[in-house]
Amino acid sequence: MRRLLCTVAVVATMLAGGCGIPAESDVTILGDGPPSGVSVDDDGSPPVQYARQDTTDLEEFADNYLEAAAGDPETALNRVKAFQAPELANRFPTGNDIKVIRETERPLYSPGDSEITFIVQVVGTLRANGVLQPADTTSSPTQYKLRIGEIAGEDGLFVLNAPQAMLMTDETLNLFYQRRTIYWWNNENTALVPDLRYMPRSVPTVQQPTTILGWLTGSPAPWLSDAVNSLPTGTQAADNVPAITNDTLEIRLNDKAVPQGADPEALDRLRRQLQWSMQPVPRTISIAIGRNEPVPVTDGEFFESNRAYRLDEDPERFAILGGGIRRLKGSPRADEDVPVIKPAANRDIASAAISASPTRAYIAVVTGPEGQRRLRVADAPLGEQADITEVVGLSGRLGTPVWAQLPAGGEATRTIGLITMNGHVYAFGGAGSRAQRVEWQGDPGPVTALSVAPDGHRLAVVSGGRLYRAALNTSGDGITLGLPEQVLPPTLRVVTAVAWSSEDYLVVAGARRDNRYAVLDVTVDGALSTVRLDDIGAERVTFLSAYPSNPVNGTERSSSESYVAGGEAWDVLSAPDRITSSRLAGPPVPPQSDAVPTAPFFLD
């Protein structure tokens with residue numbers, strides 16, 4: 001049965017400090033979408049898109065109007081104007097940006113009336129290049145009015161008055177668009193960084209590579225622009241990408257794509273970028289630059305250019321019990337020692353993070369009693385242990401450490417640790433050198449939680465009960481964060497914890513309007529969400545961890561998520577599943593002990 005705008009409320013709430021959005025709004029549960037990349041098995045068919053004359057029911061007509069903009073951005077304005085009375089259409093603004101809205105209260109409408117008032121949260125603006133730019137979230141919830149009626153001498157209903165912008169609900173975005181991920185090389189040209197886009201389902205499969213190539217010859221999403229490289233200025237597609245023939249995808253670009261004197265590896269990087277952005281790709285990809293003959297590559301390696309490809313199906317798991325790090329039974333290497341740290345140093349630990357490159361492993365532990373905690377770190381070749389060293393320059397309220405693995409070419413990796421101290425973000429290395437404060441333009445305030453994406457260049461941050469995203473820039477002399485962009489997890493009044501669920505999704509925990517806590521998976525732009533746990537009680541969620549899904553396994557979100565509430569650790573399954581001491585490897589806990597597992601985490 002079709003959704004009726006005026007009878008079904010869509011997900012909502014503003015975050016802390018919001019503007020009074022009620023808790024009564026229902027949650028829209030969005031199912032798994034297609035995996036990233038071009039799916040050769042998906043014809044991109046959208047749901048039925050209705051025309052102005054298809055109904056005389058005012059509620060359905062309003063619903064159809066909010067779906068009219070969905071689809072080809074070049075013709076979106078024409079589809080919207082087709083619903084409008086000529087007078088409105090003549091003064092309607094031009095452009096192809098679409099404002100994405102989320103209903104926050106049931107629309108106001110009286111049967112027989114010609115006007116519908118609906119109260120919305122503006123999620124963001126969908127650009128023609130598939131980027132959803134989050135909205136300025138400082139604005140109050142907005143009332144939009146649609147006046148609908150007849151015109152003398154014309155059949156059917158018309159929109160007589162409407163907001164001066166093309167509108168689309170978040171529900172329409174989910175129904176009419178596929179989520180796609182394109183990739184950009186980082187500033188050092190050592191690894192690819194993901195960029196979430198929305199492709200209309202109306203784009204036929206054979207045309208999707210041309211659309212993606214158009215995105216790549218354009219610009220990265222604004223929030224990533226300082227952390228990644230665009231294609232060389234002036235790069236353009238020489239023609240539409242032809243259909244795959246003989247298991248070969250052929251792409252032609254002008255000579256600006258690889259200019260004379262370019263790095264000898266430039267063409268190979270371009271190939272890898274295209275293969276990741278258009279995956280799954282056929283066996284052979286052929287690239288022609290300018291008037292040169294196509295350069296075909298068959299079975300060319302490209303997966304290693306994206307660190308997320310190394311994510312395991314079954315991650316190593318850990319938790320802290322009585323101040324010591326323990327492995328979880330049933331996870332890989334459960335019978336082995338904890339990586340890097342020597343057994344004698346595995347004590348008095350409040351939180352920890354362990355990461356591994358292809359050749360080395362890294363550990364960061366926060367030790368000591370509350371108010372006197374210190375950060376200690378170590379790194380060692382895989383399979384070996386090392387002494388932990390205190391990081392100088394940190395004291396006060398320390399958060400949970402995280403590691404960012406930044407590929408440096410080949411198997412070399414630059415590993416950076418991040419931690420919050422007294423609400424500020426600090427960076428540290430694996431050898432115990434002095435911590436450095438990470439400068440942040442547009443700093444939103446004290447940071448209480450942070451998480452690093454699998455690519456190591458994108459951060460999710462909680463500050464003041466709100467959720468932000470930002471890019472980590474490691475080029476130049478220091479480490480900086482780009483301008484923060486706030487994203488809006490539906491139904492949460494306050495956000496308390498965050499972790500990356502995949503390249504394009506975050507798992508977020510926080511309090512609803514009724515102060516009950518929930519766990520959601522939310523797209524990195526905040527537009528779409530899936531409820532994981534709708535009600536986990538009134539205890540504040542103080543910590544959240546997840547092991548992101550691998551981008552080539554066909555799933556959008558993690559299957560391994562955990563949290564801490566009320567000092568106890570839980571797995572996020574179909575219902576909360578408590579992590580008890582019996583699930584930990586190592587010696588059994590004495591029966592009289594009151595220690596419980598806490599701070600669960602994964603080797604990343």
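User: By class, how many residues in the lining of the second largest pocket are nonpolar, polar and charged?

Analyst: This is a predicted model, in which local features need pLDDT of at least 70 and side-chain atom pairs count only at pLDDT 80 or more, while totals for chains, interfaces and linings use all residues. Residues are numbered from 1 along each chain as its sequence is written, and side-chain values use heavy atoms, with hydrogens and water left out. Ala, Val, Leu, Ile, Met, Phe, Trp, Tyr, Cys and Pro count as nonpolar, Asp, Glu, Lys and Arg as charged, and the others, Gly among them, as polar. On that scheme the lining has 13 nonpolar, three polar and 11 charged residues.

User: Which residues lie nearest the centre of the second largest pocket?

Analyst: A pocket is an open set of points on a 1 Å grid over the protein atoms alone, where a 1.4 Å probe fits and protein lies on both sides within 12 Å along at least five of seven lines; lining residues have an atom within 4 Å of a point. The lining here comprises 27 residues. Those nearest the centre are Glu316, Arg333, Ala356, Leu382 and Leu603.

User: In strand 11, what is the bridge partner of leucine 253?

Analyst: Strand 10 and strand 11 (residues 284-289) run parallel and are joined by six bridges. The partner of leucine 253 in strand 11 is isoleucine 289.

User: Is alanine 431 buried or exposed?

Analyst: Alanine 431 is found in the loop between strand 23 (424-428) and strand 24 (436-437). Buried means under 20% relative accessible area, exposed over 50%, and partly exposed in between (1.4 Å probe, protein chains only). At a relative accessible area of 62%, alanine 431 is exposed.

User: Which residues does alanine 431 touch, not counting residues up to four places away in sequence?

Analyst: Contact means heavy atoms within 4.5 Å. With sequence neighbours up to four places away set aside, alanine 431 touches Val377, Asp379 and Thr389.

Methods
Helix = DSSP H or I, 4+ residues; strand = E, 2+ residues; numbered from the N terminus. Pairing = 2+ DSSP bridges.
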